[in-house]
Amino acid sequence: MPLTAPHIDRIIEMAWEDRTPFEAIAAQFGLGEGEVIRLMRRELKPASWRLWRARVQGRATKHRAKSLVDDARFKSNLQRVISKNKISKRP
């Protein structure tokens, strides 16, 4: 599938997200980790590229096999049913 500008923008957005693993990008767009890295190097400014690489390198959440999180999201114990999502005032 040829990558259009909106696809490239979405891949870059997903690559910057901490909790989006490379496997999710591969499943959606067919790009492996190396291809995502090459795309990011090509599309980002040099300073942004260095920031991204430093951020992603060794980050467990970018690799599903290394991640301890299984699509779980943080949910506060104080969160109520969506229709009554208010935290009561405490004395």
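Leaving aside its neighbours within four places in sequence, which residues is Thr 20 in contact with? In this predicted model, Thr 20 touches Met 14, Ile 25, Thr 61 and Lys 62 once those neighbours are set aside. Thr 20 sits in the loop between α1 and α2. With a relative accessible area of 12%, Thr 20 is buried, since the cut-off for that term is under 20%. The side chain of Thr 20 also forms a polar contact of 2.5 Å with the side chain of Glu 17.

The loop between α1 and α2 also holds Asp 18. Asp 18 is partly exposed, its relative accessible area being 27%. Beyond its neighbours within four places in sequence, Asp 18 is in contact with Arg 55, Arg 59, Thr 61 and Lys 62. One of these residues, Arg 55, is joined to Asp 18 by a polar contact of 2.9 Å between the side chains. Arg 59 lies 41 residues from Asp 18 in sequence, while their C-alpha atoms are 8.2 Å apart in space.

What of the two helices themselves? Two packed helices are described by the angle and the distance between their axes. Helix α1 covers residues 5-16 and helix α2 covers residues 22-29; their axes come within 10 Å and cross at roughly 160 degrees. Because of this angle, α1 is roughly antiparallel to α2. The crossing of α1 past α2 is right-handed. On the α1 side, the contact is made by His 7, Arg 10, Ile 11, Met 14 and Ala 15, and α2 supplies Ala 24, Ile 25, Gln 28 and Phe 29. Sorted by class, the contact of α1 with α2 has 6 nonpolar, 2 polar and 1 charged residues.

Conventions:
Residues numbered from 1 in each chain as written. Predicted model: local features only at pLDDT ≥ 70, side-chain atom pairs only at ≥ 80, totals over all residues. Heavy atoms only, no water. Axes fitted to C-alpha atoms, helices over the stretch in contact; angles between N-to-C directions. Helix = DSSP H or I, 4+ residues; strand = E, 2+ residues; numbered from the N terminus. Parallel < 35°, antiparallel > 145°, perpendicular 65-115°, else oblique. Left-handed = near helix turned anticlockwise from the far one by under 90°. Contact = heavy atoms within 4.5 Å. Nonpolar A, V, L, I, M, F, W, Y, C, P; charged D, E, K, R; others polar. Buried < 20%, exposed > 50% of the residue type's maximum accessible area, 1.4 Å probe, protein only. Polar contact = N/O pair within 3.5 Å; in protein donor to acceptor, adjacent residues only side chain to side chain.
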